[in-house]
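Here is a note on the model, written as numbered points. Please read it with the structure open.

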Amino acid sequence: MLQDILQQIKNELVNGCVKKGHPFRYFTLTTSLNNVPKARTVVLRKIKPGIEIWFYTDKRSNKVNEIMENNNVTALFYNPKKLLQITISGKASFEENDEVLNELWNSIPLNSRNDYTSSLAPGSLLKNPDLLNYQNQNHFCLIKIKATKIDFLQLKRPNHIRAQFDLNVDNWEGTFLVP
């Protein structure tokens with residue numbers, strides 16, 4: 001049964017990438033800096049084997065600095081229709097390969113590229129949103145989260161199901177927990 005749950009987790013994450021409107025498309029990323037947690041919603045872009053989560057950001061954003069200081073992060077996914085919550089803890093890293101970054105950049109629709117080309121860094125003060133300028137230079141960044149722990153919670157009757165999976169080398173070891 002634990003292997004079925006692990007496969008369900010993988011399927012839900014893949015569906016978050018490929019199915020329009022899937023609740024896992026947007027997830028909550030939590031970072032920590034100076035023991036202060038910071039949470040924000042980001043867009044799931046890709047799931048790689050071994051449960052590696054990819055998302056994009058502006059490399060000038062606060063989350064980048066927070067990850068540089070402490071690369072331990074948590075990703076929280078929730079599907080309200082299925083009453084399913086998946087919490088993934090892992091280590092975040094940045095893609096450094098220019099060829100990979102250029103390929104991803106070229107796959108972004110033109111109307112979405114402004115998210116990474118503003119003249120001011122995310123979080124900067126702005127008197128009027130209509131005055132924000134954009135430049136030709138992009139600040140595109142790919143962040144990868146290599147999962148090390150997964151907590152699965154399925155609310156259902158007669159019994160809720162909770163399981164935890166820990167990465168041991170290349171294998172996921174699972175156990176049931178009291179919900």
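1. Which backbone oxygen lies 2.5 Å from a polar atom of the side chain of Gln154? In this predicted model, that oxygen belongs to Lys82. Gln154 is found in strand S7 and has a relative accessible area of 11%. The cut-off for buried is under 20%, so Gln154 counts as buried. Setting aside residues up to four places away in sequence, Gln154 touches Gln8, Lys82, Leu83, Leu84, His160 and Ile161.

2. Helix H1 covers residues 2-18, which is 17 residues. From its first C-alpha to its last H1 reaches 25 Å, close to the 24 Å expected at 1.5 Å a residue. The buried residues of H1 are Leu2, Ile5, Leu6, Ile9, Glu12, Leu13, Asn15 and Gly16; the list includes Glu12 and Asn15 as well as leucines and isoleucines. The strands they pack against are S3 (46-48), S5 (72-79), S6 (84-94), S7 (140-154), S8 (161-168) and S9 (171-177).

3. The largest nonpolar core has 33 residues. Phe27, Ile53, Phe77, Ile86, Ile88, Ile150 and Phe165 have the most contacts inside it. Two or more residues each come from H1, strand S1 (26-33), strand S4 (52-58), helix H2 (62-69), S5, S6, S7 and S8. S7 supplies the largest share, six residues.

4. Ile88 can be taken as one example from this core. Leaving aside neighbours within four places in sequence, Ile88 is in contact with Leu13, Ile51, Ile53, Val73, Thr74, Ala75, Phe77, Ala147, Lys149 and Ile150. There is also a second, separate core of nine residues, among them Trp54, Tyr116, Phe140 and Leu142.

5. Helix H3 has Leu101, Leu104 and Trp105 as buried residues. Seen down the axis of H3, the buried residues fall within an arc of 100°, so they line one face of the helix. S4 and S7 are among the elements that cover them. The face turned away from the buried side carries Glu99, Glu103, Asn106 and Ser107, which are exposed. At the start of H3, a side-chain oxygen of Asn97 comes to within 2.8 Å of the backbone nitrogen of Glu99.

6. The loop between H3 and S7 holds Thr117 and also Asn133. Thr117 has a relative accessibility of 5% and therefore counts as buried. A polar atom of the Thr117 side chain lies 3.5 Å from the backbone oxygen of Arg113. Not counting residues up to four places away in sequence, Thr117 touches Trp105, Asn133, Tyr134, Gln135, Gln137 and Asn138.

7. Which residues does Asn133 touch, not counting those up to four places away in sequence? They are Thr117, Ser118 and Ser119.

8. On annotation, an unreviewed UniProt entry lists residues 16-93 as "domain: Pyridoxamine 5'-phosphate oxidase Alr4036 family FMN-binding". Over residues 16-93 the chain is 14% helix and 56% strand. The end C-alpha atoms of this stretch are 21 Å apart.

Technical notes: Residues numbered from 1 in each chain as written. Predicted model: local features only at pLDDT ≥ 70, side-chain atom pairs only at ≥ 80, totals over all residues. Heavy atoms only, no water. Helix = DSSP H or I, 4+ residues; strand = E, 2+ residues; numbered from the N terminus. Expected span 1.5 Å × (residues − 1). Buried < 20%, exposed > 50% of the residue type's maximum accessible area, 1.4 Å probe, protein only. Contact = heavy atoms within 4.5 Å. Core = buried A, V, L, I, M, F, W, Y, C linked by side-chain atoms within 4.5 Å. Arc of directions from axis to C-beta. Polar contact = N/O pair within 3.5 Å; in protein donor to acceptor, adjacent residues only side chain to side chain. UniProt positions renumbered as here; feature names shortened; annotations may be inferred.
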